[in-house]
Structure formats: C-alpha cells, structure tokens
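Please prepare a short briefing on the structure shown below. Group the points by topic and state the cut-offs behind each term.

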Amino acid sequence: LLKMSEDELALQKAINSEDTNLIYYTLISLEARISLSSANTSQNLTNFYKIVHTHLEAANLLKIYYRNKVNMNDRSMLHNLLLYNKNYFEAGMAAASQALIQNLPALRQKT
C-alpha cells in the first residue's frame, strides 16, 4: 500500500493489525517519503500530520518516537506535530527543552 501511495489506507491497516512495529514502520516510511520529496514540502508535511492526526494511536506513537529517537538537538518535528495538534503547552515545553539542550554546552563552558 505504501508503494502505491495509499498512505491513509496503509496507516489504517497498520493500526488495525495492532502491531506497533508495523505502525512505526508505516509512519517512518511516510515521513521519509515526505522529507525526500522536494516539491511543496510544507504542504506534504501538513497532509502527513492530517493523516496522523485522524488516528490517535498513530499520533501518540509518533510523538513518542520524536521524543525518544530523533536527534536531541533537533526537536522541530516534535514541535511541529504538537503545534498541528494544537497542543501549545506541550509544544512550548518542547521548544524550551530544545533551547536548554542547545545552550547547555555553552553554559558548562562558562562555569
């Protein structure tokens, strides 16, 4: 289904299977295809978040993935997902956390 660009159906089938690894694989494959696409990336990202947002399980797993697996110095994907979901408090906390992590080496050098 992913190869046929049936994104929403692929995600729905993965969720129905209740296989966490398959859901993660589907989400990461969709995200990778969007990031590799050079044409209208912001619109593609919005469509990706729209598909994910319709499935609470997928949104929660993607949030966990972004928190734990993505580079600690770049949490922009987590921030964007939280903003799309209108979770402004959590998005602010993620931005503050990223700012602290990025400034931590500079703070350590001053002491």
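The chain exposes about 7,300 Å² of accessible area, and carbon and sulfur atoms supply 56% of that area. Areas come from the Shrake-Rupley method with a 1.4 Å probe, and for residues only the protein chains shown count as cover. This is a predicted model, in which local features need pLDDT of at least 70 and side-chain atom pairs count only at pLDDT 80 or more, while totals for chains, interfaces and linings use all residues. Residues are numbered from 1 along each chain as its sequence is written, and side-chain values use heavy atoms, with hydrogens and water left out.

**Overall fold**

- The chain has six helices and zero strands; helices (H or I, at least four residues) and strands (E, at least two) are DSSP runs numbered from the N terminus.
- In sequence order the pattern reads α-α-α-α-α-α.
- Of the 111 residues, 29% count as buried; buried means under 20% relative accessible area, exposed means over 50%, and partly exposed lies in between (1.4 Å probe, protein chains only).
- Taking contacts between residues at least 6 apart in sequence, 50% join residues at least 24 apart; a contact means heavy atoms within 4.5 Å.

**Nonpolar core**

- The largest nonpolar core has 24 residues; such a core is a set of buried Ala, Val, Leu, Ile, Met, Phe, Trp, Tyr and Cys residues joined through side-chain atoms within 4.5 Å.
- At least two residues of this core come from each of α1 (7–17), α2 (20–36), α3 (41–53), α4 (56–68), α5 (76–84) and α6 (88–110).
- The residues with the most contacts inside the core are L11, I23, L27, F48, V52 and L62.
- Leaving aside neighbours within four places in sequence, L11 is in contact with I23, T26, L27, I51, V52, H55 and A58.

**Helix α4**

- The 13 residues of α4 should span 18 Å at 1.5 Å a residue, and its end C-alpha atoms are 18 Å apart, which agrees; the expected span is 1.5 Å times one less than the number of residues.
- Buried positions in α4 are A58, A59, L61, L62, K63 and Y66.
- K63 belongs to helix α4 and counts as buried because its relative accessible area is 15%.
- Not counting residues up to four places away in sequence, K63 touches L78, L81, L82, N87 and E90.

**Salt bridges**

- The count comes to three salt bridges; a salt bridge is a side-chain nitrogen of Lys or Arg within 4 Å of a carboxyl oxygen of Asp or Glu.
- R33 and D7 pair through their side chains at 2.0 Å, N to O. R33 lies in helix α2 and D7 in helix α1, so this pair ties together parts that are 26 residues apart in sequence.
- R33 is partly exposed, at 31% relative accessibility.
- K63 and E90 form a salt bridge at 3.8 Å, N to O. With K63 in helix α4 and E90 in helix α6, the pair ties together parts that are 27 residues apart in sequence.
- R67 and E90 form a salt bridge at 1.8 Å, N to O. R67 is in helix α4 and E90 in helix α6, so the pair ties together parts that are 23 residues apart in sequence.
- Through shared partners, salt bridges join K63, R67 and E90 into one network.
- R67 is partly exposed, with a relative accessible area of 31%.

**Surface patch**

- L1, M4 and L9 form a nonpolar patch on the surface, with about 290 Å² of accessible area together.
- Patches are made of residues with over 30% relative accessible area and no salt bridge; like charges are joined within 9 Å and nonpolar side chains (Val, Leu, Ile, Met, Phe, Trp, Tyr) within 5 Å.
- L9 lies in helix α1 and is partly exposed, at 37% relative accessibility.

- N44 is in helix α3 and counts as partly exposed at 23% relative accessibility.
- From C-alpha to C-alpha, N44 and R33 are 9.5 Å apart in space, and they are 11 residues apart in sequence.
- N85 sits in the loop between α5 and α6 and is partly exposed, with a relative accessible area of 22%.
- N85 and A59 are 26 residues apart in sequence, with 9.0 Å between their C-alpha atoms.
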